[in-house]
Amino acid sequence: AQATVDQLRKLPPDAHLDPLIGYLQAQIDMLNQNWQRAIDGFEHATAELGESPELLKDAYCRKAACEEQLGNKDLELAAYREAVRLDPNWAPARLGAAATLFELGKLDESLDEYRQIGRMDGMAEAGAEGEAKLLIIKNQSAPADRQNWGEVDSALNRLAAANPKSTRLALLRAETNACQYPGDKDKSETP
């Protein structure tokens, strides 16, 4: 791949080709785990890929993945949000933003993202699973009088509707029951 990019660089300058060459070089740098160089390449490419929204949103997601490798969570989130801004219905960007928000401890924002993901075509399972996981965590940390397990059950029912054979569904139901009925072995094993 590097040889191809090197050959392309020998061509006369071309306003349409040069951003693509930079984008390809950034991908190679990413594959070689040269994270900062890849980030710089994707940043440069995003400034010039305006005529190609598909590549532009992909470049933002790849930049986010590189930022994650360097532990730059805020920059990772910013890159995912740029991709979402370009295409609010693009699942990789939405899923990346939701996961990063979770890692940043922004549970309510992450929950909102997973709910939006669940409304996207073909994404009901991923959205419901993410929503259920977050609601379980929120309920575990809430006082007993503020826990809302009905919300969790609702998300799990949507997950069951999307994929009734999901292993994750069974695990999340067991976790929910164990949280609701700690110390009650019979109820925590109920499917």
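Okay, quick definition before anything else: when I say two residues meet, I'm talking about contact, heavy atoms within 4.5 Å. And keep in mind that this is a predicted model.

So, let's start with α2 and α3. In α2, Pro19, Gly22, Tyr23, Gln25, Ala26, Gln27, Asp29 and Met30 make contact, and their partners in α3 are Trp35, Arg37, Ala38, Gly41, Phe42, Ala45 and Glu48. Sorted by class, that contact has 8 nonpolar, 4 polar and 3 charged residues. As for geometry, α2 covers residues 17–31 and α3 covers 35–48, and they pack at about 160° with axes 8 Å apart. Because of that angle, α2 is roughly antiparallel to α3. The crossing is left-handed.

Now the other neighbour of α3, which is α4. Here the axes come within 9 Å and cross at roughly 155°, so α3 is roughly antiparallel to α4. This crossing of α3 and α4 is left-handed. On the α3 side you've got Trp35, Ala38, Ile39, Phe42, Glu43 and Thr46, meeting a set in α4 that includes Leu56, Tyr60, Lys63 and Cys66. The class count for α3 with α4 is 8 nonpolar, 2 polar and 4 charged residues.

Last one: just after α4, Gly71 takes a positive phi of about 80°.

Methods
Residues numbered from 1 in each chain as written. Predicted model: local features only at pLDDT ≥ 70, side-chain atom pairs only at ≥ 80, totals over all residues. Heavy atoms only, no water. Axes fitted to C-alpha atoms, helices over the stretch in contact; angles between N-to-C directions. Helix = DSSP H or I, 4+ residues; strand = E, 2+ residues; numbered from the N terminus. Parallel < 35°, antiparallel > 145°, perpendicular 65-115°, else oblique. Left-handed = near helix turned anticlockwise from the far one by under 90°. Nonpolar A, V, L, I, M, F, W, Y, C, P; charged D, E, K, R; others polar.
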